[in-house]
Each structure stands twice: as structure tokens, then as C-alpha cells.
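Biologist: I am new to this structure and would like to learn how to read it feature by feature. Could we start with the overall picture and then turn to the details?

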Amino acid sequence: MTDDQFIDEYGFKGPLPVTSTQRMIPEGAFEPGLAVGESAPDFTLPDQHGEGISFHADRAGARAAVLFYRSAVW
Amino acid sequence: MELQHGLHQLRDEGIKLYAISYDDTDAVADFCRAAGIGFTMLSDRDSRVIRQYDVLNTLIPPADVPFHGVPFPGFFLLNEEGVIVDKLFNRHFANREGVEAILDSFLGRVEPGADEPVGSISENDGIRITAFLRGGGGVLRIGPRRRLVVRLEMPDGLHTYGEPVPDGMVATHIEVEGPDGFCCEEVESPPTRPFHLPGVNAPLHVWEGTVDFVIPTYANTALVRTVRDGAESITLTVRVRYQACDDARCFIPRTQTIELEVPVTSGITPSFGQLKNFGTAIEMDSAAHLQRLVERKLGSGPDSE
């Protein structure tokens, strides 16, 4: 096990030290987000073409996977 | 992005994919163009929906610009009625699930995909053992989570054991060996059923029929060296030690070995900064987007915290 401050306990290396908050790994029970069984709330956000997308209307009764991710930039 | 590569699998099942981040529309548009994204990516610049879904990363304090406002990364899976039926979130942000995990959850089963590395072996005891690496179209990249599935198919009448077993008997044990950088987590075993073997006083726990053992795996940064040295694939060695018995007697314990050859390749990464893995840069002016993000976060008004 290396004590290189850029490599975390999973063995991933990044340009910021592991102590930086954006590299912190949650400890203990980790169950973020609304619960399984809840209705997913509706929302309207612009897409990559600048069009406003109303989520449930756009989904139109299809099954869906909604990914929350950190950034397309960094 | 791996999601783009696996998109057709979701489309075939009529599953729609949405990706949400706190990037502004210019950054999202630029990324989609550069990476050839064919699914809906949404700009949640105020992290409003991130908060609405209660996934705001609360380990990052508001003063930590520009990182504050990002979510804990993961998926919500919704059924036709818009009800959340599953969530795929992992402690480590790089250790993300892919299209196959989404499919397996919706379909309620795990099967090797068309391109996934798979190996199978069966001996004269009639037990067939199959190992396959599920995810990413069978290609290994640094970060994303892969399920190594070891399937035991036992003919009627035969069973194998789970712990604890009395002295002299052998419980089923699975070991995986791979190169430096290939990491395995604990085996997820299916439930056993209680069993009694004549002549053995201790309670026994058995598996029978067809059962899947799942080993969550991922590749970390240590694999970079292997790839930079020119390797196009890695070899995983799966060893399954077990003892098969029927209602009356037990056979000699044996170890079956399956080797999987797994292609490795690069993912893509923004042209700026965080080279989390051995990525191919895409053409995108990330530095300019990042500067705008930082200014937006430092500014006053509804954007800032």
C-alpha cells in the first residue's frame, strides 16, 4: 500500500490529493437519493440542443435510467 | 463514454437514458458533440434537480469551488409508471455501473453479453462451471464496475456446500487472479438451503440446481502500466474448489480452473486535467468551460451558495 497522497484506498490516481473534498469517499451506510418505491419527481431542464425537456412527458411511459454524474468538463 | 457504446442494448429494450450534471448548456453541448453522444444529456446548472433527487454530494462544503454542487454519481432506474425500482450508487465515483447493470436489473437476470469473455468447463461429475465478465461489452477500462459471474450448474441430485462445513468436507470456494490493478471485492453468494447428510451430525448448507456467484471487480490505476506496455488483453484465472455430494455420499473435492481473456482499451477523457485512466482525449475546450464554471460558482446571485 503506497502512501502517495494522490492514490486513494481503491487504487485510483487523480490530480488532486485524496484529502480534497471532491475525492472523499463516503464512509458508513451509503444510500443517497430518493428511496426505491418512491415516484420520481418531474422536472424540466435544457438538453444538449438547448431544448427544454419535461422529463415525464419526454419519457412517455417508457422505462428509464437517470444518471447523475459529476461533470462533462472535469 | 461507455454508455454511448452500450446504448443500443437499452434501446432494444425500450429503456430511455438521461444524464444530468451541473454543467451549463454550452459545456454539455460541446461534450455531446465531441464525444458523439446519442442520448439526452441535461444541464442542471443550479443543482436544483440534483437536490430534488437528494443526491447532492454533501461531503463537499459550499466554499469548495467549483466542486460544490455535484451529485454522488449513480443511476435511478424507473419503471413505466415513473416509480423508482432500483438505484445503482457506489461509494467510489470512478467505480460506476454500466449499461449491463441497468439491463440486468430491469430484466431480473444476468446472462453473458454477445461480446463478453466467457469460459466454461464441465467434468465427469456433470457439474458445469461457467465464468463470464459482465459489463462494458466485454472490454475492460479503468474505473467502471464489472461483475465476474461464476455459474454452477449442478445436475439433479447433486449439491455443493456453503460454509460452515465440518472437518474433512470442502465448502465451495472461488478465487480470481489477475494482473496488478485488477481488483476483486468479496464474493456475493446466493442463499443456501439446509441439508442433512446421513452419518454427518452437523447441519449443512447446500447449493443445488443452477446458482450464480457474483464477484464485483474493477480495474484501478495500477493497470495503466500494463496497457501502456502494449497489452491488448489481460488474463483472469478463476479457480473454483468444491465438493459435490448426492443424498448418500460425497465425491472427491476438486478444483476447476477457467481462464478468461479480457480485452483492455482506453476510454475517453476531457482534454483538460483529470486523466483518471488511460484515456483518449476528445476535442473539447475543457479549460474554457472550467473557467466559466469557476466564475459562475464564485459569482453572486442565484447560482452561488
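Modeller: What follows is a conversation about the contact between the chains, the sheet, the domains and some backbone details.

Modeller: This is a predicted model, in which local features need pLDDT of at least 70 and side-chain atom pairs count only at pLDDT 80 or more, while totals for chains, interfaces and linings use all residues. Residues are numbered from 1 along each chain as its sequence is written, and chains are lettered from A and ligands numbered from 1 in the order in which they are written.

Biologist: What does the secondary structure of chain B come to?

Modeller: Helices (H or I, at least four residues) and strands (E, at least two) are DSSP runs, numbered from the N terminus. By that reading chain B has six helices and 17 strands, and its C-alpha atoms fill a box of roughly 80 × 45 × 35 Å along the principal axes. A residue is buried if 20 or more other C-beta atoms, placed from the backbone, lie within 10 Å of its own, exposed if 12 or fewer, and partly exposed in between; of the 305 residues in chain B, 39% are buried.

Biologist: How many residues of chain B are in contact with chain A?

Modeller: The size of an interface is often given as the accessible area lost when the parts come together. Here residues are counted instead, two of them being in contact if their C-beta atoms, placed from the backbone, lie within 7 Å. On that basis 71 residues of chain B are in contact with 45 residues of chain A. Among the elements that give two or more residues to this side of chain B are strand E1 (16-21), helix H2 (25-35) and helix H6 (286-298). To sort the residues by class, Ala, Val, Leu, Ile, Met, Phe, Trp, Tyr, Cys and Pro count as nonpolar, Asp, Glu, Lys and Arg as charged, and the others, Gly among them, as polar. The side of chain B that touches chain A then divides into 44 nonpolar, 17 polar and ten charged residues.

Biologist: Which strands make up the open sheet, and in what order?

Modeller: Two strands pair if DSSP finds at least two bridges between them. The open sheet has five strands in the order E2(B)-E1(B)-E3(A)-E3(B)-E4(B), with mixed pairing. E2 and E4 of chain B stand at the edges, and because each has a single partner strand, one side of each is left without a neighbour in the sheet. Neighbouring strands are turned by 20° against each other on average, direction ignored. Strand E3 (residues 64-68) of chain A pairs with E1(B) in the parallel sense over five bridges; within this pairing, Leu67(A) has Ala19(B) as its bridge partner, and Phe68(A) stands opposite Ile20(B).

Biologist: How is chain B divided into domains?

Modeller: Domain bounds come from an automatic or database domain assignment, and here they give domain 1 (2-109 + 273-298) and domain 2 (118-263). The centres of the two domains, taken over C-alpha atoms, are separated by 33 Å, and the contact takes 14 residues from domain 1 and 13 residues from domain 2. On the domain 1 side, the elements that give two or more residues are helix H1 (2-12) and H4 of chain B, with H1(B) giving the most, three residues.

Biologist: At what angle do H1(B) and H4(B) pack?

Modeller: Axes are lines fitted to C-alpha atoms, for helices over the stretch in contact, and angles run from 0 to 180 degrees between N-to-C directions. H1(B) and H4(B) pack at about 25°, with their axes 9 Å apart. That makes H1(B) roughly parallel to H4(B), since angles under 35 degrees count as roughly parallel, over 145 as roughly antiparallel, 65 to 115 as roughly perpendicular and the rest as oblique. Residues making this contact include Leu3(B) and Leu10(B) of H1(B) and Ile102(B) and Leu103(B) of H4(B).

Key
Contact = placed C-beta atoms within 7 Å.
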